[in-house]
Amino acid sequence: MRWILTRAMQAFFPHTDALPGLAEEAAHAHLDRLDAEAPLLFRLGLIAGALAFTLSPLLTVGLPLPSLWLSAERLDLHADRAASHPLYLYKMLIFTLKMNAGLAWGAQDQVRRALALAPLPPDPRTTLAGEVTP
Amino acid sequence: MTHRSAGVRPTHLSADYVVVGSGAGGAIAAAELARAGARVALIEAGAWRQPQDLPHSILGTFGATLDQWGVSITRGRALWPIVQGRAVGGGTVVNSAIIVRTPADLFERWSSELGIDGLADAVWAAQDEIEAELEVGPTQPDQLGRHNALALAGAAAAGYPSHPTVRATPGCAGAGTCLQGCRRGHKRSADLVYVPQVLDAGGWVLSNAPVRRVLVQGGKAVGVAGRFIDPITGRPGGTFRVDADKAVILAASAAHTPTLLQRSGVRHPALGEGFRAHPGTTSFGIYPDPVDMVQGASQGWASTAFRTDPGYKLETLSMPPELVAGRLMGGGKALVDRLAAYRHMACFVVGIRAESVGTVRAGWGGAPVVRYTLDRADMERARHAIWTLARTHFAAGAEAVVPGVVGLPYSLGPDQVDRILQASLDPRHWVAILSHLFGGAVMGADPQRAVCDPRGRVRGVRGLLVVDAAVIPSNLGVNPQHTIMALSRTFTRRLLEEGA
């Protein structure tokens, strides 16, 4: 499942001449954090979106194949058409996938450097958890 | 002074007043009671983060400060996210601290339609005090950044009034991270201003403590009960019960307060009815020179010129690339190529003063289920608003605008702006979010139509008060924090006067 998720996320943010794409390590780091912290509904939405994306090239590029078997050009077209498909519920499932991929993509150091933004430090945890008397 | 969070042992406390929710409504009520010498327990479902503990990333913001990681959605024709804060300080931690006084026309409407009288002077007097406490002032020229400056210039050139926002952010460094929380501590949010007053007065603060139900005995609210959760994993911890000798005060938000009342066995025909919001959407302008919209105040510009006709408010919004990546249309190389223009983008947003009304009910597991669909008149307001924003972008020098509505081209040039007026009115063709939620336990003079009386008291249960946006019976058309705070202070003072 993890492999399907990362491939689906990367399809939305491929490397281009202008900007870096979503790196596999960044996708894994995002998914690791979701596994550890995110509510079930959030994770289920992402999984449903990734499965919908993987199984639906027939809807977008007319090929009865999983997206994993598409050529790079066809995969790119599939991602573009899936994101604005007229079937609303399908489009919203794809949106959950794209949103997660975007969160992972935009947080990468190399992307932020390309956009003249400083890298993001690691997120801190709360220091006011547990029983404390400030 | 004691703060307790995420414990595994059962906790049983006793106080004069229990306040549920520590955002704009709850924190100020708790502070008011504590300053009056009462024993107060302030209970918050979310975690407590000091400014330096706030996340840097948007994903971290979702997890640390937003209710349900920001993925609660409306049930209706369109599935739109409902964005609410969930942290000690509530939404004041992650909003832009925009302060707008309650417009007079609202009090007139509430009086004529709902029999709510005698609020205006008290609310405005409270707002005078709150503005001093929060060190409110206009966004300064050196805090604007190019993003907000473009909006000011664009509105002036387009011929309508606008202004730098008035905010509770003394010493703002213009870091453009209001929505992630201000790590510099410059935002005068409720967790920094009012929650410490509760602790200083010897009260309790419980965080990571979602209240499951209000305890009612003999027709009187006598306390609350729930179970702690881990702030990171969300796993359940020990149970808690807090007894209230005098009153229970609810300020858990317009989504959670009505459902908490429902879970607690409160019955009223209007409970869960009258839900309203400011649905919001964006318009990006693409400019010839870099805008770098995350430099400067996150929301340093606003206009209320269209608040009453057709009914919307306009603002800027600094959006980091993580969010713009999900917002722009398309996928694959086409999307990444569009994102290459990120530095040249300015983001203007609209909040619709929607008249559409929805419901909020406790669903599976007791979580809020919001049913809400914008009607045609509200969609026309939305369409007019993004047309106005597009004109503003072009007046400010944009080369193109990105309207973001299905059926329109990805971008439009200056001579195509009127195409927006033909945009679809189907909500499914729009990307929007719901923030600024109102209603669900509205106040009013009619016992059949209003859950709460005009002093915020829940009908049918003694010692139970609502002091958040759930009591607000209409859409404000302005940022609600100031109104919520002032209503809460007014209701709390009246509660103290009557001795609960």
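In this predicted model, 50 residues of chain A are in contact with 50 residues of chain B, two residues being in contact if their C-beta atoms, placed from the backbone, lie within 7 Å. On the side of chain A that touches chain B, the elements giving two or more residues are α1, α2 (24-37), α3 (40-54), α5 and α6 of chain A. Helices here are DSSP runs (H or I, at least four residues), numbered from the N terminus. The largest share of this side, 8 residues, comes from α6(A). By class, the side of chain A that touches chain B has 31 nonpolar, 11 polar and 8 charged residues; Ala, Val, Leu, Ile, Met, Phe, Trp, Tyr, Cys and Pro count as nonpolar, Asp, Glu, Lys and Arg as charged, and the others, Gly among them, as polar.

Residues are numbered from 1 along each chain as its sequence is written, and chains are lettered from A in the order in which they are written, with ligands numbered from 1 in the same way. As the model is predicted, local features need pLDDT of at least 70 and side-chain atom pairs count only at pLDDT 80 or more, whereas totals for chains, interfaces and linings use all residues.

Within chain A, helix α6 (residues 88-106) also meets helix α1 (residues 2-12): their axes come within 9 Å and cross at roughly 80°. The axes are lines fitted to C-alpha atoms, for helices over the stretch in contact, and angles run from 0 to 180 degrees between N-to-C directions. α1(A) and α6(A) are therefore roughly perpendicular to each other, a term that covers angles of 65 to 115 degrees. From α1(A), the residues A8(A), M9(A) and F12(A) meet L97(A), K98(A), N100(A), A101(A) and A104(A) of α6(A). The residues of this contact divide into 6 nonpolar, 1 polar and 1 charged.

A8(A) is also one of the contacts of S67(A), a residue in the loop between α4 (57-60) and α5 (72-83) of chain A. S67(A) counts as buried because it has 23 C-beta neighbours inside 10 Å; the cut-off for buried is 20 or more other C-beta atoms within 10 Å.

Chain B is assigned domain 1 (2-48 + 87-97 + 100-133 + 189-274 + 439-497) and domain 2 (138-177 + 278-434), with bounds from an automatic or database domain assignment. Their C-alpha centres lie 31 Å apart. In chain B, 15 residues of domain 1 are in contact with 21 residues of domain 2, and the domain 1 side of that contact divides into 4 nonpolar, 9 polar and 2 charged residues.

Key. Buried ≥ 20, exposed ≤ 12 C-beta atoms within 10 Å, placed from the backbone. Parallel < 35°, antiparallel > 145°, perpendicular 65-115°, else oblique. Lists of a residue's contacts leave out its neighbours within four places in sequence.
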